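Q: Could you take me through a protein model, feature by feature, so that I learn how to read one?

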Amino acid sequence: MRYGGNTPCVEVRAADDGLLILDAGTGIRALGAQLMSDGDARTAHIFLSHRHSDHVLGLSHFAPLISQTREVLICCGDGETASLQSFVDALLSPPMFPYVDGIRSRLGVCDWQHSAARQVGTSGVHRFAAQHPGEAAVLRIDDAQGPAVAYAPDNELAYADQSEATVRWRARLAAFLRGVPVLVHDATYRDEELPAHVGWGHSSSLEATRLAIECGAGMLVLFHHHPDRDDEAVERMVEESRAMAMQAGSALRVLAAWEGLALSV
Ligand SMILES: [Zn+2]
Ligand SMILES: [Zn+2]
């Protein structure tokens, strides 16, 4: 009721007023309605962490696109740029969606090379390969002062896996996230649920907390809640994470993402 309802979509407003949208889950419908009522017509830069359905389901209900008022540019962090245009075309065409005149001309896809940052005004969007079935990205947005926010909605930290490759990958990830003021991270599971979900591509809330402490994040926002988790259960997870941070002597702040949560960085 409080923490759930929509699938992933996060709006980032940069200091230069650039509009970045992270993922196009069902939450993008309400965002589109808000942008329409604000009446501005800036380009929307949508960065998809990957193309799993929960992260793209809302695109066809993004009002600025349908109402012909705004240019939309889509980048995808899964490294498969070549097929992105046909993927987006399919989402916005029969039989997935009725034909809407002119929709394709306002919607562009961008070529996003693996190592390069994507610049939107003063914001640089950096990507790091997540552990997730298929490919997915952890995104980090920097402004002129450095890292501002990182977004890792689907990422399997797999702390139980002590293989050399996984340990090295986690160290590189922690370096990528070093000192980020706000880390939005996958917290789909509880620790005791992990053994039954190895390889599913998600983390526990305490694994996310451990990473946030390791990388010196200022705030951890637990994200991608399990759809069967009720509000009280999510709040218990937040309390456990706060206790873990306190025990580690960390100043990390922890909260769980709720519908409409707004943070200033
Ligand atoms: Zn996914
Ligand atoms: Zn997901």
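A: Let us start with a pair of strands: strand 8 and strand 9 (residues 146-152) run antiparallel and are joined by five bridges, where strands are DSSP runs of E with at least two residues, helices are runs of H or I with at least four, and both are numbered from the N terminus. Two strands pair if DSSP finds at least two bridges between them. This is a predicted model, in which local features need pLDDT of at least 70 and side-chain atom pairs count only at pLDDT 80 or more, while totals for chains, interfaces and linings use all residues. Residues are numbered from 1 along each chain as its sequence is written, and chains are lettered from A and ligands numbered from 1 in the order in which they are written.

Q: How many residues lie between strand 8 and strand 9, and which residue in strand 9 is the bridge partner of Arg140?
A: The two strands form a hairpin with two residues between them, and Arg140 has Ala150 as its bridge partner in strand 9. Strand 8 also pairs with strand 7 (residues 123-129), in the antiparallel sense and over six bridges, and there Arg140 is the bridge partner of His126.

Q: Why is strand 8 described as largely enclosed?
A: A residue is buried if 20 or more other C-beta atoms, placed from the backbone, lie within 10 Å of its own, exposed if 12 or fewer do, and partly exposed in between. In strand 8 (residues 137-143) five of the seven residues are buried, so the strand is largely enclosed by the rest of the structure.

Q: What is the order of the strands in the open sheet of seven?
A: The order is 6-7-8-9-10-11-12, with mixed pairing. Strand 6 (118-120) and strand 12 (253-256) stand at the edges with a single partner strand each, so one side of each has no neighbour in the sheet. Direction ignored, neighbouring strands are turned by 25° against each other on average. Within this sheet, strand 10 (residues 182-186) and strand 11 (residues 219-223) pair in the parallel sense over five bridges, and His185 has Leu222 as its bridge partner in strand 11.

Q: Which strands does helix 6 lie across, and which residues of helix 6 does helix 5 meet?
A: For such angles, axes are lines fitted to C-alpha atoms, for helices over the stretch in contact, and the angles run from 0 to 180 degrees between N-to-C directions. Two residues are in contact if their C-beta atoms, placed from the backbone, lie within 7 Å. Helix 6 lies across strand 11 and strand 12 and runs at about 170° to strand 12. The axes of helix 5 (residues 205-214) and helix 6 (residues 231-247) come within 9 Å and cross at roughly 35°. From helix 5, Ser205, Leu206, Thr209 and Ile213 meet Met237, Glu240, Ser241, Met244 and Ala245 in helix 6.

Q: Which residues have the most contacts inside the largest nonpolar core?
A: A nonpolar core is a set of buried Ala, Val, Leu, Ile, Met, Phe, Trp, Tyr and Cys residues joined through C-beta atoms within 7 Å. The largest one has 65 residues, and those with the most contacts inside it are Ile21, Ala150, Leu183, Val184 and Leu222. Leaving aside neighbours within four places in sequence, Val184 is in contact with Val10, Val149, Ala150, Tyr151, Ala152, Val221, Phe223 and Ala257.
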